[in-house]
Amino acid sequence: MTFHISLVGNPNTGKTTLFNKLAGTRQKVGNWAGVTVDCKTGVFIRGSERVDMTDLPGIYSLNNQTGGMDETIARRFLTQEDYDVIVNVVDATNLKRNLKLTQELVALGRPMVIVLTMTDLARKLNIMPDVARLSKNIGVPVVDGYQQSMSELQATLLSLFHRLPTALDTLLQREASQPTPVRDISVWLHQVVTGRSQAKNITDKIDQIVLHPWLGIPIFLLAMYAMFAIAIGVGSLFIDPIDTFAGYWFVTFPSYWMTQLGVPDGLIVVLANGLGGGVQLVASFIPVIGFLYICLSILEDSGYMARAAFIVDRIMSSIGLPGQAFIPLLLGFGCNVPSIMATRSLTNVKQRMLTMAMAPFMSCGARLAVYVMFVSVFFRDKGGLLVFGLYLFGILVAVGTAWIFRKQLFRDVRVSVLMEMPHYHRPRWSNVGLSSWHKVRSFVLRAGKTIVLVSAILTILNAIPSWKASEEGAKPSALAQIGQMMTPIFSPIGMGEDNWPAAVGVFTGVLAKEAVVGTMDTLYTDMARADVSSSSENTLIEYESPLSNLLGVVALLGENLSGAVSTFTDPLGLTSVTEAKNQALTAGSYQMLVLFDGWKGAFSYLVFVLLYTPCAATIGALMKEGGLLWTIVIVAWSTSVAYVAAVFSFQLLTFASHPVSASLTLGLATAWLIAFIVALKVWVKPKVDKNIIAVG
């Protein structure tokens with residue numbers, strides 16, 4: 001037998017935690033038909049019975065039509081779609097507010113079960129309701145979702161589903177016999193909660209510090225700093241072992257045996273160095289990205305994320321946005337596409353457009369992979385601090401963008417917002433683990449496919465000879481020739497004409513930001529391999545046994561973990577690392593070190609990668625949510641800002657060596673940015689109102 005249930009409740013009621021508890025790893029995220037709002041579905045199976053679940057977006061009311069697209073979707077699903085049972089998720093610490101939605105759900109006349117969450121906290125606060133009495137008053141089965149294990153909760157819900165028709169008939173008979181249906185919340189709550197709430201609970205005490213007018217922002221910055229400290233400091237302990245393991249099994253091992261079997265060299269290069277090298281590259285980034293997602297999940301599950309939105313509310317309001325707009329931006333740290341999608345939770349169309357303009361400046365997981373690549377070569381002393389600075393700089397540019405766009409385009413935007421603060425509670429590690437796993441898996445499947453494919457394609461293209469003759473200064477390949485044609489554009493940010501792989505990386509990064517990593521790693525490694533081949537007639541593949549590789553990986557991991565104490569005492573690497581580690585550069589990394597104009601050129605390149613044109617997927621989301629005009633404006637603006645910021649970075653860092661040319665270059669860059677800002681008001685403003693895509 002199969003049931004189809006819909007989970008519905010107010011935001012921040014623990015609905016996602018309940019969904020994860022029931023579905024485990026049997027869940028997936030897609031899009032609702034025709035719209036770009038996440039649709040999370042899951043399933044659990046007990047014996048011969050199957051329960052399909054749809055996790056609806058959080059909603060406060062079925063009757064309130066002022067919500068964003070996510071609330072519209074939830075209302076539409078509940079009133080129009082085909083499902084068997086409503087599972088109403090209710091926060092036991094906020095019964096009166098949550099039961100307003102319950103009141104409306106009961107009126108739908110659908111079979112329903114109420115699952116109480118946060119009951120552990122309700123007991124601590126001495127406000128835990130009497131479950132049996134609450135169920136009797138409402139006439140709907142009520143379950144304590146916290147006390148039961150996953151299997152117990154699944155069994156309880158299934159048993160209730162089988163009895164629901166009887167329960168519903170009883171409710172309808174009782175309502176038919178009464179002149180006025182008993183749907184008043186005060187009647188439902190009569191004698192349900194007999195305890196007296198603690199006057200000062202732990203949430204109030206923490207908020208006195210965390211939300212303090214003077215301490216709130218420093219604490220927020222410290223939390224963000226700690227997040228990147230853990231992601232970079234701890235995640236880096238696992239990079240070398242995973243890179244060594246993946247490099248052996250996906251590059252060295254297949255290369256050796258294909259050579260022994262007489263496979264053509266060209267095919268070996270594509271399969272082992274191209275596809276295998278791409279897989280190795282993806283694997284090496286998983287630790288840092290994984291720890292970043294774990295930290296974000298902990299902040300979200302503990303209740304601090306809502307405080308972060310409140311803390312920045314004052315800053316956001318100055319640019320015409322509510323604090324809630326910061327939540328979609330935080331999603332951008334994972335991927336800019338869901339960040340764009342999440343702007344539909346904002347009810348004001350112009351606020352939504354401003355938030356969309358800010359989203360591409362959030363450093364996504366793909367950009368983090370680029371940062372890690374450069375940190376390992378140029379910034380090993382202060383890598384974590386640099387990454388934190390880039391994330392912070394992206395936020396500042398996003399805020400500046402919204403401020404300029406509001407002044408030039410949306411002066412009439414007004415902020416009116418009511419923010420809800422959930423109680424603090426200990427993060428549920430099962431929920432944190434599942435949430436992080438799904439995000440990492442999504443990154444690997446999406447970014448990994450791109451990196452591997454780009455790596456293979458570039459390996460092939462790099463083998464195609466240049467169309468120029470050698471006496472005309474031909475490059476080793478057609479791809480190198482194209483890259484060299486692009487480098488003059490980037491000379492003001494410190495990219496020399498020989499550094500064509502970096503120029504190609506910028507181009508492929510428009511397709512997907514993670515492609516920057518695959519491009520540069522492939523091309524620099526090929527350059528190094530070509531140098532070695534030209535200096536040695538006989539190049540042999542070094543081979544070791546699988547057991548030897550495994551022992552080496554374990555030894556390397558043990559060595560890294562033994563130094564974990566220094567990682568925690570100096571998480572961002574603010575002191576010098578060991579000489580041996582500084583020398584641990586691959587051949588491709590050494591090519592980067594030689595071809596970039598020192599750390600100044602590398603830093604300017606990172607600034608450009610942080611800010612420039614959104615990837616193709618993000619552009620697609622912008623087209624869907626904001627329309628063609630708004631997409632063109634955002635793409636042109638982000639690319640202009642990226643180029644100007646990178647020019648300023650390099651020219652100011654090298655100003656002493658060429659003050660005259662630097663001054664001229666800085667003046668031209670400034671003039672371009674001013675002209676763009678003026679064009680926003682003169683050319684874009686008259687057209688933007690006619691091109692707004694409303695929520696619906």
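Thr 355 sits in helix H16, which spans residues 349–358. Helices here are DSSP runs of H or I with at least four residues, strands are E runs of at least two, and both are numbered from the N terminus. Thr 355 is buried, at 1% relative accessible area. Buried means under 20% relative accessible area, exposed means over 50%, and partly exposed lies in between, using a 1.4 Å probe and protein chains only. Leaving out residues up to four places away in sequence, Thr 355 touches Leu 321, Ala 325, Pro 328, Leu 329, Thr 343 and Leu 346. A contact means heavy atoms within 4.5 Å.

This is a predicted model: local features need pLDDT of at least 70, side-chain atom pairs count only at pLDDT 80 or more, and totals for chains, interfaces and linings use all residues. Residues are numbered from 1 along each chain as its sequence is written, and side-chain values use heavy atoms, with hydrogens and water left out.

**Whole chain**

The chain has 29 helices and 7 strands. Of its 696 residues, 52% are buried. Among contacts with a separation of 6 or more, 76% join residues 24 or more positions apart.

**Salt bridges**

The chain has 4 salt bridges. The rule asks for a side-chain nitrogen of Lys or Arg within 4 Å of a carboxyl oxygen of Asp or Glu. The table includes three of them.

| Pair | N to O distance |
|---|---|
| Asp 55 and Lys 15 | 2.8 Å |
| Asp 144 and Arg 123 | 2.8 Å |
| Arg 307 and Asp 207 | 3.0 Å |

Asp 55 forms a salt bridge with Lys 15. Asp 55 is in strand S4 (residues 49–55) and Lys 15 in helix H1 (residues 15–23), so this pair ties together parts 40 residues apart in sequence. Both Asp 55 and Lys 15 are buried.

Arg 307 pairs with Asp 207. Arg 307 is in helix H12 (residues 304–311) and Asp 207 in helix H8 (residues 202–210), so the bridge ties together parts 100 residues apart in sequence. Arg 307 is buried at 0% relative accessibility. Asp 207 is buried too, at 15%.

**Nonpolar surface patch**

Phe 245, Trp 249, Phe 250, Leu 550 and Val 554 form a nonpolar surface patch with about 450 Å² of accessible area together. Patch residues have over 30% relative accessible area and no salt bridge; like charges are joined within 9 Å, and nonpolar side chains (Val, Leu, Ile, Met, Phe, Trp, Tyr) within 5 Å. Accessible areas come from the Shrake-Rupley method with a 1.4 Å probe; for residues, only the protein chains shown count as cover. Helix H10 gives the largest share of the nonpolar patch, 3 residues. Leu 550 lies in helix H23 and is partly exposed, at 42% relative accessibility.
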